[in-house]
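Me: I am new to this structure and would like to learn how to read it. Please take one feature at a time.

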Amino acid sequence: MVAATATVALAATGLTVLAASPASAATACQVTYTKRAEWPTGFTGSFNIQNVGDAWSSWALTFDFPGNQVVSQGWNGTFSQSAKTVTVRNASWNGSVANGATVMDVGFNGSYTGTNGDPSNFAVNGVPCNGTTPTSSVPTSSVPTSRPPTSSVPTSRPPTSSVPTSRPPTSSVPTSRPPTSAVNQAPTVSITAPSANQRFTAPANITINANASDADGSISKVEFYHDGLLLGTDTSAPYSYTWSGVPAQTEAYHIQAKAYDNVNQVSPLVPDVPVFVDTATTPTLTVTPTSLTVPEASSKTFTVALSSAPSASTTVSVTKVSGGDADLTASPTSLTFTTSNWATPQTVTVSAADDADATNGTASFTVAANGFTSVIVSATEQDDDGTTNDPYLQRFLDHYNKIKSPSNGYFSPEGVPYHSIETLVVEAPDHGHETTSEAFSYYLWLEAYYGKATKDWTRFNQAWAVMENYIIPAHSKQTTNNYNPSDPADYAGEANQPSLYPQQGGLLDTSVKVGTDPLYNELVSTYGNSDIYQMHWILDVDNVYGYTGCGSKVSYINTFQRGPQESAWETVAHPSCDDFTYGQPNAGYLPIFISGTPAKQWRYSTAPDADARAVQAAYWAKTWAAEQGNSSAVSSTIAKAAKMGDYLRYAMYDKYFKKPGCTSKSCAAGTGKDSANYLLNWYVAWGGGASNDWSWRIGSSHNHMGYQNPMAAYVLSTDAALKPRSSTAAGDWATSLTRQIEFYTWLQSAEGGMAGGATNSWGGDYSAPPSGTPTFYGLAYEENPVYADPGSNTWMGFQAWSMQRVAEYYYVTGDAKAKALLDKWAPWVVANTSASGSTFSVPSTLDWTGQPGGNWTSGTTSVNNSGLHVTIVNSGSDVGVAASLARALIFYGAKANNTAAKEKAKALLDALWANSDDKGVAVPETREDYKRFDDIWTSSNQTGLYIPSGYNGKMPNGDVIAPGKSFLDIRSFYKNDPEWPKVQAYLDGGAAPTFTFHRFWAQADVAMAMADYAALIGS
């Protein structure tokens, strides 16, 4: 098993629901109002208007504001206003509304002074609407009575019809309103350069110019964006920003700007200015690396070569860009390449002078030659005033620069971290240029360490912005207004084999009672909307599959859907937003997973360990910025981390909000927080109809040791800046902290390794566990929770990840219970880990026998686990696991002053560093599992890709999805991968192929391990 299988079989959900049809009774309506955003002088609101009577051929909604609110712009209807009364008439395309249908997202921008109360007195066509619900709460009576099922598979019953929701906003404004001088006016901004559809050549330097003005004040700043991602800010006119080193891509980049005035009014984001960056047709300069961190009073180097032979001797100049720190210089400033030595790298040395200031200066150098595309090299001075220039810290900076170097390919053009540089990777992600929430959490963590080393926090904040922009679904992609927390989802049992879908395990069973969602109302009250602020677990970053991506080039997808035996090799990748464009006509991908009539829908799943790791990273960023006297640099991002922790509490709940100790489908449903077990479960999922007319939420009944994070629970319950805003959140996390430490104690084997976990739904359908199965607060022990191909707790990486968090928690708090766990776990790791020179070996595959020695309930402090054992089946040289184990040993060794742990950590780090290459740290891997590329499912070979009888669809590239097809058959794009001949030779009977992978998470762990050693132990 390879390191990146850490998120394998993370179950996603995709569900549908049948809405109840109200009886016809002349004109009747229900209106839901949601306040989408609010600032001191303005706000955004929207309505959903449901017809619960006779059909309408046209409609006019009226309502009254309680104060001096004024509508300034509206969409999906024509707005007018007279005093406090607003009238909204249908647009040309949404006037016809059938019984039971809903007009969605009739929205507006408005202004106000004083108090901004919610509107009331709703009426349609002159008839008052009954059951109207102002503010952000949703009337339960407007929610369908039949909820979507919540197995980890899509459901399939048609939603009610609904009026289209995506139309261009109208430009109409109120006919009667106060003079504009009565309220502050928002500023305006326009981009003057570049021009629309202008073309550049990679690596491009694109200068963006903007004009900004404010009719009743002044401009405080202008922000520049590409594709919604903040690039930079200018605070004085003329407003400009140069976006440097932009790589080529086939699609357009979209440039935007936003202006702020002196009272913090904000202009709308100006319409996109599309520009194109083409691949260079001229020869290029090969420069490695393109980013350097130079210790003060020391130097670092980069190399230069030509990409192709020149016709004559060519001079390359190295010129410092004006405005750079005077202490940073480069030498030599001129290199000569001939027709014979053009490919031989020549070295340029960048030096940092020893100065008296305590800042980290920066400078850029242009490497250029006639007829060749120039390259920019950026350098950052590592200041030594008040710090120690530890060689392990320098390793961190050198490795960080490799990870962040554009030439090494860890990031997409949008700034999204790939799962790996290489593309022919099949593990939890089934392509190397997909990404996971795990990778994003490591990105945040890495940038927190960079902020500590350099005092530059812009990159940490930027990482959170990239995460928020690409992997946390935007409001428009997860409208969940029609959700009933008293009836969160309909039950659907899980099946043990993919071949049992959709015949079994995918049918709704409304007779199974589900519990209530105790968090929804509190979160809506706190944040003013019904969105979920969590990361979806997987993205197709380069859109290799070609799905619509829920309206984004960086495409939301799902894979694992069909029970514990569905390995990565048996999945069918499908879009998170299934609009039936692909797959089977008029059914999409749903018939592969669930029986019934398919319905267009969207659905997302989170990996709670990744979101918790993001909170963990935020804590360190907050702590280190405060130590530098620079808390304000990260305060707004830390607030977002606290918000993520608020929503992360959904991971504490059973899948269907049933009480712990469930042993049958008829077991008690939760009526509040009594359905919480306060551990971090395997996933949280949510979704709804494509027309936003039904929605659902579920948790997971399975709890894995590897997903627990006591460090996150500690900071979310005790740290003032990270305590979530909801009133009960900090208390929930305090309970979770205690419960997680107890969980580890219950699971610790006689040798010290941590056994798998526990479930509240044996077999995925609330069956009774075998007699004698020990329980933890009612949850039944499971050796391999969630998935079994291969067993989820056979991978050593879960030991390393999870116990590193325990070690951090122990380092920060000194908790004796955490120390007791580590006192037993660390010696087991040390005894089974070796490192010398460039060779290292860490445990790889684990096997488990026995079970915890008793039940754990309130008041239990220990159990006799002398019969619970772990065996190391084999060991290997997994880079990420080795780095993560070293980090756990560093935190534990530093706090407990354990010499063996500290020495083993150092030996691992030195061995890892001896395996450095120009892209990171990596060792060859032999992939025998790649024989499964062309596995086909048969009754006698049930390890291949199973497609149910009768299903016949197509992938976006035309690959046919049908019985008898293989993993490769529906992913023929792999045959175009440059590494594919290795695999084909293996499939043809040759030796198993060997690859050298650079996985993002593993490289980040290597870098941070070096920084940990420098900070906590030191050379």
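Me: Which residues touch the most other members of the largest nonpolar core?

Reply: A nonpolar core is a set of buried Ala, Val, Leu, Ile, Met, Phe, Trp, Tyr and Cys residues joined through side-chain atoms within 4.5 Å. Buried means under 20% relative accessible area, exposed over 50%, and partly exposed in between (1.4 Å probe, protein chains only). Here the largest core has 206 residues, and Phe-396, Tyr-930 and Phe-933 touch the most other members. Helix 14 (residues 1000–1016) gives the most to this core, with 12 residues. Helices (H or I, at least four residues) and strands (E, at least two) are DSSP runs, numbered from the N terminus.

Me: What is Phe-933 in contact with, leaving aside neighbours within four places in sequence?

Reply: Contact means heavy atoms within 4.5 Å. On that basis the partners of Phe-933 include Leu-424, Trp-569, Phe-967, Tyr-974 and Leu-987. This is a predicted model, in which local features need pLDDT of at least 70 and side-chain atom pairs count only at pLDDT 80 or more, while totals for chains, interfaces and linings use all residues. Residues are numbered from 1 along each chain as its sequence is written, and side-chain values use heavy atoms, with hydrogens and water left out.

Me: How much of the model can be read in detail?

Reply: pLDDT is the predictor's confidence in each residue, from 0 to 100. The protein chain averages 87, and 90% of the residues score at least 70. Over residues 1–25 the value is below 50, although the model gives this stretch 132 contacts beyond near neighbours in sequence. Residues 131–183 also stay under 50, with 210 contacts beyond four places in sequence. Where pLDDT is low, the predicted coordinates should not be read in detail.

Me: Is helix 1 enclosed or exposed?

Reply: Of its 14 residues, 12 are buried, so helix 1 is largely enclosed by the rest of the structure. Phe-396 is one of the buried residues of this helix, as are Arg-395, Asp-398 and Lys-402. Helix 1 (residues 391–404) reaches 20 Å from its first C-alpha to its last, close to the 20 Å expected at 1.5 Å a residue; the expected span is 1.5 Å times one less than the number of residues.

Me: What caps the N-terminal end of helix 1?

Reply: Asp-390 does, through a side-chain oxygen 2.7 Å from the backbone nitrogen of Tyr-392.

Me: Where is Gln-534, and what does its side chain reach?

Reply: Gln-534 sits in the loop between helix 4 (520–527) and strand 28 (538–540). With a relative accessible area of 1%, Gln-534 is buried. Its side chain reaches the backbone oxygen of Met-644 at 3.3 Å. Gln-534 also touches Ile-471, Asp-611 and Trp-686, among others.

Me: Which backbone angles should I look at?

Reply: Most residues other than glycine have a negative phi, and most peptide bonds are trans. In this model a cis peptide bond joins Ala-193 and Pro-194, with omega about 0 degrees. The bond from Asp-789 to Pro-790 is cis as well, with omega near -10 degrees. Pro-790 is in the loop between strand 38 (779–782) and helix 9 (797–813). Val-786 is found in the loop between strand 38 and helix 9, and has a positive phi of about 80 degrees although it is not a glycine. At 14% relative accessibility, Val-786 counts as buried.

Definitions and conventions:
Polar contact = N/O pair within 3.5 Å; in protein donor to acceptor, adjacent residues only side chain to side chain.
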